[in-house]
Amino acid sequence: MMERKDIIPIFLRFSKHLNFSQNYLEKTKNHLIFTVNMDRSLEEEAMRFKKWIQENGISVNHFCNDSEFLQEKARTFARAVGLPALSEKQVLWVRDKIQMKQQLRKIGLPVMNFSPINSKKDILCFAQGYGFPIMFKPRKGFSSINTYKLSSIKDVWELPVELKPDKFMVEVFNPNNEWAIDGLVPSNAHITK
């Protein structure tokens with residue numbers, strides 16, 4: 001996106017999430033950047049953004065968010081300033097892996113068997129049904145943080161993560177190549193198998 005000549009991107013940042021690498025900061029230093037102050041109301045920041053683009057003579061037609069982690073915040077901000085963005089339901093499908101996998105199955109794409117879990121007992125019950133290894137991961141994770149391949153009962157008991165209700169899931173380990181689908185299919189699209 002940074003190299004494209006047919007668009008002028010504005011990099012949307014959020015005040016409580018500014019831990020960027022030096023390399024990324026160097027690459028984006030000559031681009032338009034707007035930082036949303038998360039200590040202010042959404043309405044105030046939307047007004048400030050509209051004033052900022054007007055003062056800088058910028059016309060904004062579309063919105064693109066490349067951060068899975070900030071998808072909910074970015075979508076809400078885009079809607080507040082009148083830009084098209086994912087719906088609340090679509091954001092849920094992007095962020096919550098249980099919701100995502102259910103949607104993928106609905107449209108006929110095969111996914112490994114999975115289950116939400118709330119306890120180590122839940123993990124063991126899943127493993128009893130499908131065998132080891134299994135994958136343990138956050139439902140709303142990113143960058144594989146707190147994602148573990150569990151190969152035995154011992155791995156389950158030694159899992160270095162505090163389990164909280166509705167925060168984690170397990171799925172059958174896939175020993176083959178995995179492919180990512182990085183776009184949502186519009187709800188009005190005709191899908192065939």
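Predicted model: local features only at pLDDT ≥ 70, side-chain atom pairs only at ≥ 80, totals over all residues.
Residues are numbered from 1 along each chain as its sequence is written, and side-chain values use heavy atoms, with hydrogens and water left out.

A look at the overall architecture comes first. The protein has 7 helices and 6 strands, where helices (H or I, at least four residues) and strands (E, at least two) are DSSP runs numbered from the N terminus. Read from the N terminus on, the elements follow the order β-α-β-α-α-α-α-β-α-β-β-α-β. Of the 193 residues in the protein, 30% are buried; buried means under 20% relative accessible area, exposed over 50%, and partly exposed in between, with a 1.4 Å probe and protein chains only. Among contacts between residues at least 6 apart in sequence, 49% join residues at least 24 apart, a contact being heavy atoms within 4.5 Å. The protein exposes about 13,100 Å², of which carbon and sulfur atoms supply 51%; accessible areas come from the Shrake-Rupley method with a 1.4 Å probe, and for residues only the protein chains shown count as cover.

Side chains of opposite charge can pair when their charged atoms come close. A search of the whole structure finds 11 salt bridges, each defined as a side-chain nitrogen of Lys or Arg within 4 Å of a carboxyl oxygen of Asp or Glu. One of these joins K16 and D39, with 3.1 Å from N to O. K16 lies in the loop between β1 (10-14) and α1 (22-28) and D39 in the loop between β2 (32-36) and α2 (42-55), so this pair ties together parts that are 23 residues apart in sequence. K16 is exposed at 51% relative accessible area, and D39 is also exposed, at 62%.

R48 joins R40 and E45 in a network of salt bridges.

Helix α5 brings in another pair. E171 and K101 meet in a salt bridge of 2.8 Å, N to O. This pair links distant parts of the chain, since E171 belongs to strand β6 (residues 168-172) and K101 to helix α5 (residues 97-106), 70 residues apart. Both E171 and K101 are buried. The buried residues of α5 are K97, I98, K101, Q103 and L104, and they pack against α4 (88-95), β3 (114-117), β4 and β6. At the start of α5, a side-chain oxygen of D96 comes to within 2.9 Å of the backbone nitrogen of I98. Just after α5, G108 adopts a positive phi of about 95 degrees.

What, then, lies around R75, which is buried yet has no salt bridge? R75 sits in helix α3 (residues 71-80), and the nearest side chain of opposite charge, E88, is 4.5 Å away; Lys and Arg count as positive and Asp and Glu as negative, with His and the chain ends not counted. A polar atom of the R75 side chain lies 3.0 Å from the backbone oxygen of L86. Leaving aside neighbours within four places in sequence, R75 is in contact with F63, A85, L86, S87, E88 and V91.

Some backbone geometry also deserves a friendly mention. Most residues other than glycine have a negative phi, and most peptide bonds are trans. The peptide bond from F132 to P133 is cis, with omega near 0 degrees, and P133 is found in the loop between α6 (120-130) and β4. N146, in the loop between β4 and β5, has a positive phi near 60 degrees and is partly exposed at 31% relative accessibility. D166, in the loop between α7 (153-157) and β6, likewise has a positive phi, near 65 degrees, and is exposed at 54% relative accessible area.

Key. Polar contact = N/O pair within 3.5 Å; in protein donor to acceptor, adjacent residues only side chain to side chain.
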